[in-house]
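User: I'd like to learn how to read backbone angles in a model like this one. Could you walk me through it, starting with the overall picture?

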Amino acid sequence: MKRHFFALFLAIAASFPSLALADQPGITVEQPWSRASIGDSRPGAAYLVVQNTGTEIRVLTGVETDMAMMPQIHRTTTDANGVSQMAPAGEIEILAGESLTLAPGGLHIMLMRLNQPLVEGESYALTLVFKNGHNVDISVPILGVAARGPEN
Amino acid sequence: MISRRTVAGYLAGSVALAGVVLAIGWWQVDGPGAAPAAPLRPLPLSEMSFSMQDQNGAEVSPGGLIGKPSLVFFGYTFCPDVCPTTLSDISTWLTELDAGAEQLNAVFITVDPARDTVAAIAQYIGYFHPALQGWTGSKAETDHAVADFRASYTLGEGPDYAVDHTSGVFLFQADGRFAGVIDLHEDRAQAVAKVERLLQP
């Protein structure tokens with residue numbers, strides 16, 4: 001079942017035109033997007049799909065961007081009582097041939113202490129930091145405050 | 001005639017069986033096999049007794065929602081992931097409703113009144129469906145509201161604190177009775193079906 005979902009997901013992901021594509025040895029980033037912020041006092045969020053097309057495990061350790069002083073990868077979890085909380089995700093392993101999805105309600109890039117507002121229609125540079133030192137630079141388009149996914 | 005030995009054997013067997021049954025019972029009810037306790041149901045809106053301010057600064061209370069079905073969501077405007085996602089979801093459901101969004105109340109209640117003033121909440125909900133209301137109040141009123149909904153929240157620490165909070169959308173019938181919850185990860189079609197069901201007479 002899980003494998004079917006994965007295949008379906010890949011099929012759907014492949015059918016979207018990529019908004020940005022970074023090709024470093026073995027890593028492809030697809031569908032990056034960020035929500036516009038209201039001013040610069042609230043944290044921003046960004047989402048994307050990282051594919052490890054290489055033959056070795058890759059470990060994502062964090063992100064860097066000039067947009068925020070404290071960009072971090074966080075994970076939202078919801079307990080049996082329906083209470084959601086966020087916590088730093090720590091290092092994330094991506095097995096060879098697998099992909100990692102950052103999407104609303106789960107893993108996300110949290111842009112804490114914005115240096116400037118995230119303005120709808122603009123985009124910004126973001127670096128995915130990998131343990132092996134082969135970092136990946138991408139451009140993240142900024143969608144509306146109420147955007148739900150990369151397509152709107 | 002049954003020998004004393006046989007009786008003793010039956011007795012020992014029964015005691016052992018009872019022990020096993022008790023052990024299984026403990027495992028399923030209180031032990032590691034126990035299902036997680038179901039969250040308590042919110043009070044009917046008619047029995048809630050808090051009052052807050054809406055995005056226009058007007059005094060509002062849950063009793064005022066009776067007459068139309070209601071969707072109620074707890075969150076805070078500094079929430080980067082769950083809250084904008086859920087408010088976008090609610091906005092989409094409202095847009096997709098055949099009967100029209102004015103047939104429903106949709107209320108966002110902040111669990112972070114220190115940062116979410118009336119002005120802050122008004123600006124925030126302005127980015128979502130125009131039918132959305134945003135309520136804020138004192139810390140005491142917020143705690144009262146959270147208790148009446150049997151929800152919970154925990155303020156984080158530091159200047160950039162996050163707030164853990166109940167993230168489901170509470171559903172209420174037009175008469176104020178609790179009608180269920182739409183969870184954060186619930187399928188969109190299923191969520192809209194739940195909202196449509198609220199509107200059926």
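This is a predicted model: local features need pLDDT of at least 70, side-chain atom pairs count only at pLDDT 80 or more; totals for chains, interfaces and linings use all residues.

User: How much of chain A counts as buried?

Analyst: Of its 152 residues, 49% count as buried.

User: And which helices and strands does chain A have?

Analyst: Chain A has 1 helix and 11 strands. Going along the sequence, the pattern reads α-β-β-β-β-β-β-β-β-β-β-β. As for contacts with a separation of 6 or more, residues 24 or more positions apart account for 67% of them in chain A.

User: Where do Gln31(A) and Arg113(A) lie?

Analyst: Gln31(A) sits in strand β2, which covers residues 27-35 of chain A. Arg113(A) belongs to strand β9, residues 107-114 of chain A.

User: Is Gln31(A) buried or exposed?

Analyst: The cut-off for buried is under 20% relative accessible area. Gln31(A) has 11%, so it is buried.

User: What about Arg113(A), what is its relative accessible area?

Analyst: For Arg113(A) the value is 38%, so this residue is partly exposed. That label covers the range between the buried cut-off, under 20%, and the exposed one, over 50%.

User: Can you recap the two for my notes?

Analyst: Gln31(A) has a positive phi and is buried. Arg113(A) has a positive phi and is partly exposed.

Definitions and conventions:
Residues are numbered from 1 along each chain as its sequence is written. Chains are lettered from A and ligands numbered from 1 in the order in which they are written. Side-chain values use heavy atoms; hydrogens and water are left out. Helices (H or I, at least four residues) and strands (E, at least two) are DSSP runs, numbered from the N terminus. Buried means under 20% relative accessible area, exposed over 50%, partly exposed in between (1.4 Å probe, protein chains only). Contact means heavy atoms within 4.5 Å.
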